[in-house]
Amino acid sequence: MSGEQANELALDTEARVHSLDNENFGDTDENVGENLVFDEAKASQALALWICTADVPLRIIEDPLFLRFVHSVNPFAKPGNVKLVKAECLKIFKEERVKIKQALADFNGQISLSVDVLKSSVCSEYMCLTAHFVDDGWEVKKWVLGVCRVWEEEDDVSKMILKCLTDWKIENKIFAITMKNDSDYVATVKIIKDHVQEKKKLQLKGQLFHVYCCADMLCAIVLDALAEIKVNEVLDHVACGRPTSLWHLTYQALKDASELYSMGEFSRDEYHVIEIPPADVWSKAEAVVKLLGSIYNVAKSLFETKYPTVNNYLHNLQELQASLIHESMSSDSFIKPIAEKMLQKFDKYWNDMFLLLALTTLLDPRFKKKYFEFSSLKYENSDSKLQVTAVLDAIQTLYDEYATTIDENEKSMSKSSALSAGEDSDGPCPKFRRVEEGCGSSKDGFDWVKEYEQFTQSKGRRPKSELDFYLEEPVIPWIEDFDIISWWRTSSSKYPILSSVARDLLAIPISVATSYDAYDTTARKVDWNIISAGRDLMGALMCTRSWNQSNSDKD
């Protein structure tokens with residue numbers, strides 16, 4: 001999708017607002033109060049646009065306070081026709097869906113997916129499918145494509161995803177899919193992968209297709225640690241907090257309680273009436289707090305950063321790995337088995353995701369190959385040379401695949417242009433590529449000499465590629481809040497092929513949940529305001545709000 005199309009989508013919403021602003025909802029002549037009227041249809045359009053583009057519940061139109069406000073503006077107003085507003089919301093959704101579908105069709109890149117299974121308060125489950133990509137204007141997009149209720153059958157999720165991909169006609173653009181780390185979803189990913197491979201060739205033979213959720217892995221190892229201590233006993237008796245499904249809040253409460261205990265706070269007279277946990281409980285709690293602290297520091301760097309792209313994961317997770325290894329070698333008989341269990345789960349995730357994390361680290365101009373040299377020394381990794389070789393081979397293969405695809409697209413466009421101009425599309429010498437004048441010859445007919453000279457000067461070696469030049473250039477100085485998308489946008493003219501690789505890789509979501517939702521150890525809940533709108537409108541609102549939010553983020 002081009003930058004112009006993205007602007008059109010954003011401007012369309014703005015145009016809707018302005019068109020409603022310019023409409024008169026009634027004659028407001030102060031001198032003729034009895035002539036004051038109210039246009040219910042126009043009001044319904046305005047309310048529907050508000051509900052579709054902002055986090056506003058549908059039931060607000062029946063809220064007494066809202067009605068009082070509306071009546072204060074226009075005593076004749078009656079904005080309580082829910083049926084009419086619903087119809088307008090669905091109309092907006094259908095109109096926007098046509099534009100989004102066309103934008104995805106025109107998008108010259110690849111799309112990654114994330115699948116989140118949400119729960120409602122009545123135990124129903126809903127699947128939310130989201131598309132992630134960086135558009136042709138280098139704007140990050142996160143568009144909800146569909147929301148469906150999940151029933152009992154095991155293959156429900158895969159059927160819904162396939163139907164959604166078919167409806168949107170994007171099967172030939174799927175790069176990767178991120179799901180929760182549940183063994184039940186392995187079969188689902190395989191079904192999706194097999195279907196996509198019928199439509200396109202997967203990069204690196206599909207090694208990057210299945211992305212495991214990092215937030216899910218961190219939640220799992222946190223729960224392993226918390227299960228070994230009496231969390232309620234520590235927190236309930238000292239009123240430092242309550243355990244919640246957000247593990248970083250539980251960690252903070254445990255940390256506060258442990259610090260108060262170590263300072264002797266609970267020895268004061270006012271605590272004599274409270275049954276304080278024994279010393280061994282506090283000792284275990286302090287050990288677990290230390291473990292959770294290393295996890296939280298990493299999670300904070302990943303989920304609470306300004307630019308949460310995948311290039312930030314490898315070096316942060318490697319710090320956590322080193323910490324877990326250190327604790328797993330501890331002489332403490334309590335903490336050692338806990339750390340070993342956590343490390344086992346971490347290592348599985350690390351091995352599954354290393355290639356993707358390493359590739360995006362290589363494409364970070366602050367790191368490139370230098371980071372791997374640094375990490376091999378810091379962490380004393382004996383396998384680092386083999387790993388680096390594998391990563392360099394993978395990025396070369398990926399680069400070559402993109403170069404071939406781009407070249408074929410250019411040839412196809414050139415052929416189409418030649419046919420439309422009535423020229424011979426085969427030409428006299430098809431083996432020469434990307435020559436400015438003619439097909440392998442200049443006006444004088446001797447451009448091939450330059451290619452021959454380059455070949456002889458390179459002593460028979462292949463000419464350096466964009467990838468070679470990029471890797472040979474020195475790393476840039478360290479920037480804490482580094483906007484890597486912006487860097488590659490600026491460098492896209494210098495590295496047109498490599499920037500296409502970077503654009504698709506950096507769009508891959510490494511966690512299904514983002515920001516503070518990533519700390520939730522339970523299934524995320526669907527907003528009741530969304531569910532209460534009704535099943536027919538629920539998906540429409542989640543879609544239109546994501547489309548509008550994605551467009552407004554750049555403003």
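So, which residue stands opposite Ile 111 in E4? Ile 174 does. Quick housekeeping: what we're looking at is a predicted model, where local features need pLDDT of at least 70, side-chain atom pairs count only at pLDDT 80 or more, and totals for chains, interfaces and linings use all residues. Residues are numbered from 1 along each chain as its sequence is written, and side-chain values use heavy atoms, with hydrogens and water left out.

Okay, the sheet. It's open, with five strands in the order E3-E2-E1-E4-E5 and mixed pairing. E3 (140-150) and E5 (210-212) sit at the edges with a single partner strand each, so one side of each has no neighbour in the sheet. From one strand to the next, the twist averages 25°. E1, residues 111-119, pairs with E4, residues 174-179, in the parallel sense over four bridges. Pairing here takes at least two DSSP bridges; strands are DSSP runs of E, at least two residues, and helices runs of H or I, at least four, numbered from the N terminus.

Now the helices on the sheet. H5 (156-168) lies across E1, E2, E3 and E4, at about 130° to E3. H6 (184-197) lies across E1, E4 and E5, at about 170° to E4. Angles run from 0 to 180 degrees between N-to-C directions, with axes fitted to C-alpha atoms, for helices over the stretch in contact; contact means heavy atoms within 4.5 Å.

Last one: H11 (313-328) and H13 (370-378) pack at about 0°, axes 12 Å apart. That makes them roughly parallel, meaning under 35 degrees. Leu 314, His 315, Gln 318 and Glu 319 in H11 meet Tyr 371, Phe 372, Ser 375 and Lys 378 in H13.

Methods:
Parallel < 35°, antiparallel > 145°, perpendicular 65-115°, else oblique.
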